[in-house]
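Please open the structure in your viewer and keep the selection tool at hand. This tour goes from one stop to the next, saying at each what to select and what can be found there.

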Amino acid sequence: MALSLLLLVCSLMASASAGNFDQDFQITWGDERAKILENGQLLTLSLDKPSGSGFQSKNEYLFGKIDMQLKLVPGNSAGTVTAYYLSSQGPTHDEIDFEFLGNLSGDPYTLHTNVFSQGKGNREMQFHLWFDPTKDFHTYSILWNPKHIIFMVDGIPIRDFKNMESRGVAFPRNQPMRIYSSLWNADDWATQGGRIKTDWTNAPFTASYRNFNADACIWSSGTSNCPSTSTASASSDWWNQELDSTSQERMRWVQTNYMIYNYCADLKRFPQGPPPECSAA
Ligand SMILES: *[C@@H]1O[C@H](CO)[C@@H](O)[C@H](O)[C@H]1NC(C)=O
């Protein structure tokens, strides 16, 4: 009796947390190169010379904590890009990006991040990872609330884009976004500045996805299913979440040891001084 109750509780928890690709996503391009497998528990994208492939979420979200596990193209992935991002529509769109730039076997992937608000991006930060992202699945998360956009890898924050509306910097908070992902060929720029081209003898290239979870406000017909900003906070930690001192320390560890590009520190690019969101709060 106790055991069956335990099993029941476990299965309820599993169904509450594990998303289902058939339910939550649709394949948008690439035909049979994109596949939903294992009863919706696994999704794979592939790229060959004629085409890449991609998918998008059925829902639009306005704030949330969104987790996905990815296992990237192994071996010689030079020239390939796996993008995983949130984006709204239209010319003044908002966007929150993870992009994984492939590399030669043994050379590290680059994790590229960016934030667009009201159509303006140019806020790139790039990292190497402290593990091989092609060997196993790892969790890539976006925590998006009215004050912060926090990028996380296996629960470790790597970037915190703060709401700096007080300094005149637009912050994504009015436009619902969908989740998108695609695997495509970008060998004109992706790997070592475009010097290394895709080796098509390795095609098809494949990336895999599992354990999608969205603890998020779903936007539908002009309203959010988060009843109001004040009550959303009662049930959802993420709504008010910001980095505590331990998390800040972990982020500092990543940024000190694994960050390879930070637009805020690019003086050549911003000779008049970095954009306003760059200066410490
Ligand atoms: C590829 O490897 C080189 C050499 O380690 C590194 O400089 C570069 O950042 C890596 N990533 C890409 C996308 O070129």
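The stops below begin with the confidence of the model, go on to the ligand, and end with aromatic rings and the backbone.

Begin by colouring the chain by confidence, since this is a predicted model. The pLDDT averages 92 over the chain, and 90% of the residues score at least 70. Now select residues 5-17, where the pLDDT is below 50, and where the model shows three contacts beyond near neighbours in sequence.

Next, select the ligand together with the residues that surround it, which are Leu101, Gly102, Asn103, Asp107, Pro108, Thr110, His128, Ala190, Thr191, Gln192 and Ile260. If you colour this shell by class, you will find four nonpolar, six polar and one charged residues.

Which atoms of the ligand lie 2.8 Å from Thr110 and from Gln192? At Thr110, a polar side-chain atom lies 2.8 Å from a nitrogen atom of the ligand, whereas at Gln192 a backbone N or O atom lies 2.8 Å from an oxygen atom of the ligand. Select Pro108 as well, where a polar backbone atom is 3.3 Å from a nitrogen atom of the ligand. On its own the ligand has 350 Å² of accessible area, and the protein covers 71% of it.

Now turn to the aromatic rings, of which a search of the whole structure finds 21 pairs. Select Phe21 and Phe55 to see a pair that is edge-to-face, with 6.5 Å from centre to centre and 80 degrees between the planes. Because Phe21 lies in helix α2 (residues 21-24) and Phe55 in strand β4 (residues 53-57), this pair ties together parts that are 34 residues apart in sequence.

The last stops concern the backbone. Select Asn39 in the loop between β2 (35-37) and β3 (42-47), and note that its phi is near 55 degrees, a positive value in a residue other than glycine. Then move to Pro204, in the loop between β13 (178-185) and β14 (205-220), where a cis peptide bond joins Ala203 and Pro204, with omega about 0 degrees. Most residues other than glycine have a negative phi, and most peptide bonds are trans.

Methods
Residues numbered from 1 in each chain as written. Heavy atoms only, no water. pLDDT = per-residue confidence, 0-100. Contact = heavy atoms within 4.5 Å. Near = heavy atom within 4 Å. Polar contact = N/O pair within 3.5 Å; in protein donor to acceptor, adjacent residues only side chain to side chain. Areas by Shrake-Rupley, 256 points an atom, 1.4 Å probe, with all protein chains shown as cover. Nonpolar A, V, L, I, M, F, W, Y, C, P; charged D, E, K, R; others polar. Phe/Tyr/Trp six-rings, centres within 6.5 Å; stacked < 30°, edge-to-face > 60°. Helix = DSSP H or I, 4+ residues; strand = E, 2+ residues; numbered from the N terminus.
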